[in-house]
Amino acid sequence: MSEQPLKLGVLVSGRGSDLQSIIDAIESGDLNARITVVISNNPSAYGLERARKYNIPAVVHSSKDYSKNAFRERFLEILKSYDVELVVLAGYLKKIPDTVIDNYPRRIINIHPALLPKFGGKGFYGMRVHKAVLQSGEKESGVTVHFVDNKYDHGEIIYQQKVPIKEDDTPETLSERVLAVEHQVLPRVIGMIAEGKIS
Ligand code: GRF
């Protein structure tokens with residue numbers, strides 16, 4: 001029964017509410033995992049603050065500070081030094097270097113605020129996703145968790161949950177409804193991986 005907690009490295013670029021949903025699920029005992037490190041490309045990401053509040057190591061790692069090779073090598077070093085078993089992109093806006101992807105096969109997941117493969121790919125992030133969904137006249141949107149490969153929002157889909165669109169939705173109201181679902185889905189999917197239900 002007492003499986004070792006799955007060791008997570010969580011990558012954030014901004015506010016980090018998805019990160020918070022993982023922290024909350026761990027704190028409440030619903031998720032048998034441990035965040036060993038939070039990494040951000042953005043030194044002022046609020047996600048780093050959230051990590052520090054819980055004494056989780058918070059590391060800034062930006063391609064701006066390195067040559068291309070040194071950046072990806074250091075990336076791997078950080079993940080290895082914190083013994084990360086699963087990398088979770090929780091609002092991380094940068095591409096993951098191929099070397100990192102090769103070293104963590106089916107061990108890197110991303111959460112996307114729409115029903116992929118629609119409304120994904122380069123440039124589809126943040127409010128842009130919800131604007132595009134509403135402009136297209138779709139009747140529903142949703143949340144997708146997928147494995148990460150070397151194309152944006154492209155790897156194998158692990159889990160999707162639909163979210164209804166209301167007639168008077170704005171990108172903001174839709175994003176709030178989708179985000180609330182993300183906060184349930186992300187810890188749940190990590191839990192499924194921790195329990196070996198997804199390999
Ligand atoms: C979420 O909508 C997530 O799907 C997307 O970026 C957003 C991150 O929000 N990848 P937050 O920084 O976790 O609050």
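How many residues line the largest pocket, and which lie nearest its centre? The lining is made up of 39 residues, with G91, Y92, L93, Y125 and G126 nearest the centre. A pocket here is an open set of points on a 1 Å grid over the protein atoms alone, where a 1.4 Å probe fits, with protein on both sides within 12 Å along at least five of seven lines; lining residues have an atom within 4 Å of a point.

Before going on, a word on the model: it is predicted, with local features needing pLDDT of at least 70 and side-chain atom pairs pLDDT 80 or more, while totals for chains, interfaces and linings use all residues. Residues are numbered from 1 along each chain as its sequence is written, and side-chain values use heavy atoms, leaving out hydrogens and water.

Now look for the ligand: it sits in the largest pocket, meaning that more than half of its atoms lie within 2 Å of the pocket's grid points. Around the ligand you will find R15, G16, S17, D18, G91, I111, H112, P113, L179 and E182, each with a heavy atom within 4 Å of it.

A polar backbone atom of G16 is 2.8 Å from a ligand oxygen, and a polar side-chain atom of E182 lies 2.8 Å from an oxygen atom of the ligand. From I111, a backbone N or O atom lies 3.0 Å from a nitrogen atom of the ligand.

How values were computed
Polar contact = N/O pair within 3.5 Å; in protein donor to acceptor, adjacent residues only side chain to side chain.
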